[in-house]
Amino acid sequence: MGSYFSKNQFPVNGQTILITGGSTGLGLNAGRQLAEKGANVIIVARNVGKLKEGIRYISKCACSPETQRFHHIVADVTTAPECARVVAEATEWNGGCPPDIVWCCSGSAHPTLFIDTPIDQFQTMMDSNYFSCVYMSHAILNAWLRPAIDASAATKETEPQAKAAKPTPLPARHLIFTGSFVSFYSFAGFTPYSPSKAAIRSLSDSLSQEMNLYAAAHPDLPRVRVHTVFPATMPTQSLEDENRVKTDLTKALEEGDQILSPELCARRAISGLESGEELVPTSTIIWAVMTSVMGGSVRGGFWRGLESTVGGWITLIVMVFIRWEMDSKVRKWGAEHGSSGMVKKE
Ligand SMILES: NC(=O)c1ccc[n+]([C@@H]2O[C@H](COP(=O)([O-])OP(=O)(O)OC[C@H]3O[C@@H](n4cnc5c(N)ncnc54)[C@H](OP(=O)(O)O)[C@@H]3O)[C@@H](O)[C@H]2O)c1
């Protein structure tokens, strides 16, 4: 992992980046900022009108408009065949090479009290947030790694290989997931959503370790780095949709939450990726809560590791009181307003 003071570990000039959920919100702003840095950008979503508008918005900021390219793909990324098709179409558009970077940004939230949640919403949340990441990762990692694995298996079967000279390292490939504050700490009203975002963090941690296997076995391949970005609350379509179903209780528990524009959140996420972070918090409060649950997650070099470890000791103590305070608020709410989660009307 990179050290605290190292050079840009996420160079995108001339790279091709595919962003699911790139037509609005965080994904759109990330696409625009990456285009400003010289990337070719492919955005994926379901609504074709918003995708076309998104491409116009992103391409306006290209730093080399004569050479940079932009493309959109209409797809619902909650199924494995669609994710495989997206990667195949992106590869064909990119002259036969799979995209160098994939950012899984699409997602949605349905924050309601557990027993009031329609039962199919639990599956919808996992499909929208977790399985979209699993299917996209499966498709892109196979595109990146499978040819070398198959080629080396075929070579080993036929002839012994002379020890090759150490190859010059190629720029890394990046697979990026999008989590949430509730990947680390959830509370009343987020049961349908938070497990899907916590699962993404676990997927990210274990996949990033697994990638060491391929890096060591195939040193001639670009290394694959796996990251998860944790956005702060952003005033986007997703937030508007979730606020329509959220209870007054959950809104009260969220009070004091830091709200960032999707533009600033994307800027912070990209800056974290550039500095080599594997888990990328976009606000101080998310960083603090993250440090309290990091366990064996990659901490990004000695100094950043030291900082997160000391931060974690402090936050661990604070979290004990936060949990106590939140529990008290929920009990007080139940006594005053009943169990609907809504303010009792007189
Ligand atoms: N907003 C927040 O406060 C907040 C906080 C923490 C984490 N996040 C996470 O950050 C990410 C981006 O959120 P946002 O607020 O920027 O969202 P947003 O503005 O609502 O955009 C969501 C994007 O995902 C696409 N999308 C949704 N479902 C899809 C599907 N099944 N297949 C393909 N595309 C799909 C949408 O386009 P179509 O509808 O046209 O498909 C759109 O492009 C999400 O993963 C979200 O969970 C958001």
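Trainee: In which helix is the place of D205?

Mentor: This is a predicted model, in which local features need pLDDT of at least 70 and side-chain atom pairs count only at pLDDT 80 or more, while totals for chains, interfaces and linings use all residues. Residues are numbered from 1 along each chain as its sequence is written. Helices (H or I, at least four residues) and strands (E, at least two) are DSSP runs, numbered from the N terminus. D205 has its place in helix α5.

Trainee: Is E210 buried or exposed?

Mentor: A residue is buried if 20 or more other C-beta atoms, placed from the backbone, lie within 10 Å of its own, exposed if 12 or fewer, and partly exposed in between. E210, which lies in helix α5 (residues 194–217), is exposed because 12 other C-beta atoms lie within 10 Å. D205 has 19 such atoms within 10 Å, so D205 is partly exposed.

Trainee: How is the packing of two helices described?

Mentor: Two packed helices are described by the angle between their axes and the distance between the axes. Axes are lines fitted to C-alpha atoms, for helices over the stretch in contact, and angles run from 0 to 180 degrees between N-to-C directions. Here, helix α1 (residues 25–36) and helix α2 (residues 48–59) have axes that come within 8 Å and cross at roughly 35°. Residues are in contact if their C-beta atoms, placed from the backbone, lie within 7 Å. In this pair, L28, G31, R32 and A35 of α1 meet G54, Y57, I58 and S59 of α2.

Trainee: Which residues touch the most other members of the largest nonpolar core?

Mentor: In soluble globular proteins, nonpolar side chains tend to be buried together. A nonpolar core is a set of buried Ala, Val, Leu, Ile, Met, Phe, Trp, Tyr and Cys residues joined through C-beta atoms within 7 Å. The largest one has 72 residues, of which I17, I19, A30, V41, V44, W103 and M136 touch the most other members. Helix α4 (residues 120–158) gives the most to this core, with 9 residues. Leaving aside residues up to four places away in sequence, I19 touches G27, A30, G31, V41, I43, V44, W103 and C105.

Trainee: How many residues surround the ligand?

Mentor: A residue is near a molecule if its C-beta atom, placed from the backbone, lies within 6 Å of it. Here 32 residues surround the ligand, and the closest are G21, G25, R46, N47 and G107. The elements that give two or more residues to this shell are α1, β2 (40–45) and α6 (237–245).

Terms used. Contact = placed C-beta atoms within 7 Å.
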